[in-house]
Amino acid sequence: MNPLDTRPAPETHDGPPTPAPLLSVRDLRMTFGSGVRAVDGVSFDLRPGETLGLVGESGCGKSTTGRMIVRLLQPTGGTIAFDGHDLTRLPPRAMLPFRRDLQMIFQDPFASLNPRQTVQQIVSGPRKLLTRPQVIELLERVGLAAEHADRYPHEFSGGQAQRIGIARALASGPRLVVCDEPVSALDVSIQAQIVNLLADLQDERGLAYLFIAHDLSVVRHMSDRVAVMYLGRIVELGSRAALYDDPAHPYTRALLSAVPVADPDVEATRERIVLRGDPPSPAAPPPGCSFHPRCALAQDLCRTAPPPLREVRGRQVSCHFAEATP
Ligand code: SF4
């Protein structure tokens with residue numbers, strides 16, 4: 001139990017006791033100067049070696065959440081406890097040891113690599129964490145070669161550049177890696193290779209992943225549990241099986257209905273839920289349930305009362321009428 005946070009975890013679990021969370025996020029908030037509530041009270045736990053998928057449309061706050069966790073952004077509210085230490089209250093100097101434990105892999109590998117540094121310099125980092133043989137061993141582990149160590153980022157393909165980004169993230173021996181859309185900028189043919197590499201590295205090193213993506217197929221492949229975000233809030237959080245086989249929130253059901261199914265017979269007959277319009281602006285979220293302008297099940301209550309996150313069929317869901325979803 002995190003000694004800094006006495007609030008109950010937002011999830012309940014059946015079966016044997018689960019290990020203490022590595023990461024406990026509670027009521028996390030990010031309001032930008034323009035009044036945009038990009039993240040509006042997000043809570044979840046992540047256990048050692050676990051992958052939590054974080055999904056939602058562009059602009060829902062998932063990347064901002066990831067950036068706050070690795071401390072690239074300072075939250076405007078809430079707590080981020082890592083191993084029982086609230087990172088949001090640590091002075092910069094005390095944060096140093098945690099920087100090694102918390103790493104990030106970015107969507108655009110080229111934008112995240114310094115074009116003036118060699119791969120050796122990028123991977124060993126400003127504090128030269130690794131020796132030359134250690135850098136080469138890590139490069140080979142992520143599918144690159146020893147001779148790549150002296151080259152510059154522009155000499156690589158997108159997939160190779162992402163492998164460099166992965167090697168850099170692993171150099172400090174992290175326990176938690178935030179993967180922010182790590183394959184969405186890559187060719188489809190390369191995506192599976194990078195996803196499989198991330199899965200193998202997780203098994204070898206016991207890494208916990210916060211896996212941020214808008215592609216629900218990729219998240220399904222990687223995740224033990226999944227959280228769905230809409231307009232800065234988590235609207236459904238549960239096991240992979242619960243969300244993919246029996247989604248309870250109308251938004252989750254709509255997202256899943258857009259994912260192609262491999263079986264052509266199933267694909268031809270299944271229900272498609274088309275969402276009306278675009279998500280509203282986080283600067284002026286609708287009253288009540290923020291999903292109500294796009295929800296086919298909306299009733300009067302939805303327009304006035306925000307639905308709390310509560311347990312329905314073994315997962316957390318924020319919908320007044322979640323019991324009614326088939
Ligand atoms: Fe739809 Fe109402 Fe549920 Fe919101 S609370 S998702 S508007 S049914």
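## Strands β3 and β9

Strands β3 (residues 51–55) and β9 (residues 225–230) run parallel and are joined by 4 bridges. Gly-53 stands opposite Val-226 of β9. The model is a predicted one.

Helix α9 (residues 250–257) packs on the sheet. This helix touches β9 and also β10 (233–239). The direction of α9 makes about 105 degrees with that of β9.

## The open sheet

The sheet is open and has 8 strands. Their order is β6-β7-β8-β3-β9-β10-β12-β11, and the pairing is mixed. Strands β6 and β11 (310–312) stand at the edges. Each has a single partner strand, so one side of each is left without a neighbour in the sheet. On average, neighbouring strands of this sheet are turned by 25 degrees against each other, direction ignored.

Strands of a sheet pair through backbone hydrogen bonds, and the pairing is either parallel or antiparallel.

Helix α2 (residues 92–101) lies across β6 and β7 (176–180). The helix runs at about 50 degrees to β6.

Gln-103 has its place in β6, which covers residues 102–105. A polar atom of the Gln-103 side chain lies 2.8 Å from the backbone oxygen of Arg-99. Leaving out residues up to four places away in sequence, Gln-103 touches Val-70, Ala-169, Ser-172, Pro-174, Leu-176, Val-177 and Val-178.

## Two residues with positive phi

Arg-71 is not a glycine, yet its phi is positive, near 70 degrees. Arg-71 lies in the loop between α1 (62–69) and β4 (77–82). Is Arg-71 buried or exposed? Arg-71 counts as buried because its relative accessibility is 15%, and the cut-off for buried is under 20%.

Asp-83 also has a positive phi, near 55 degrees, and is likewise a residue other than glycine. Asp-83 is found in the loop between β4 and β5 (85–86). The relative accessibility of Asp-83 is 41%, so Asp-83 counts as partly exposed.

## Nonpolar cores

The largest nonpolar core has 56 residues. Val-123 and Ile-166 have the most contacts inside this core. Helix α5 (residues 158–170) gives the most to the core, with 6 residues.

Val-123 is in contact with Leu-130, Val-135, Leu-138, Leu-139, Ile-164, Ala-167, Arg-168 and Ala-171, leaving aside neighbours within four places in sequence. Another core lies apart from the 56-residue one. This other core has 32 residues, among them Leu-28, Val-39, Phe-44 and Met-68.

## Domains and their contact

The domain assignment of the protein chain gives domain 1 (19–223) and domain 2 (247–324). How many Å separate the centres of the two domains? Taken over C-alpha atoms, the centres of domain 1 and domain 2 are separated by 29 Å. The contact takes 7 residues from domain 1 and 10 residues from domain 2.

Definitions and conventions. Residues numbered from 1 in each chain as written. Predicted model: local features only at pLDDT ≥ 70, side-chain atom pairs only at ≥ 80, totals over all residues. Heavy atoms only, no water. Polar contact = N/O pair within 3.5 Å; in protein donor to acceptor, adjacent residues only side chain to side chain. Contact = heavy atoms within 4.5 Å. Buried < 20%, exposed > 50% of the residue type's maximum accessible area, 1.4 Å probe, protein only. Pairing = 2+ DSSP bridges. Axes fitted to C-alpha atoms, helices over the stretch in contact; angles between N-to-C directions. Core = buried A, V, L, I, M, F, W, Y, C linked by side-chain atoms within 4.5 Å. Domains from an automatic or database assignment.
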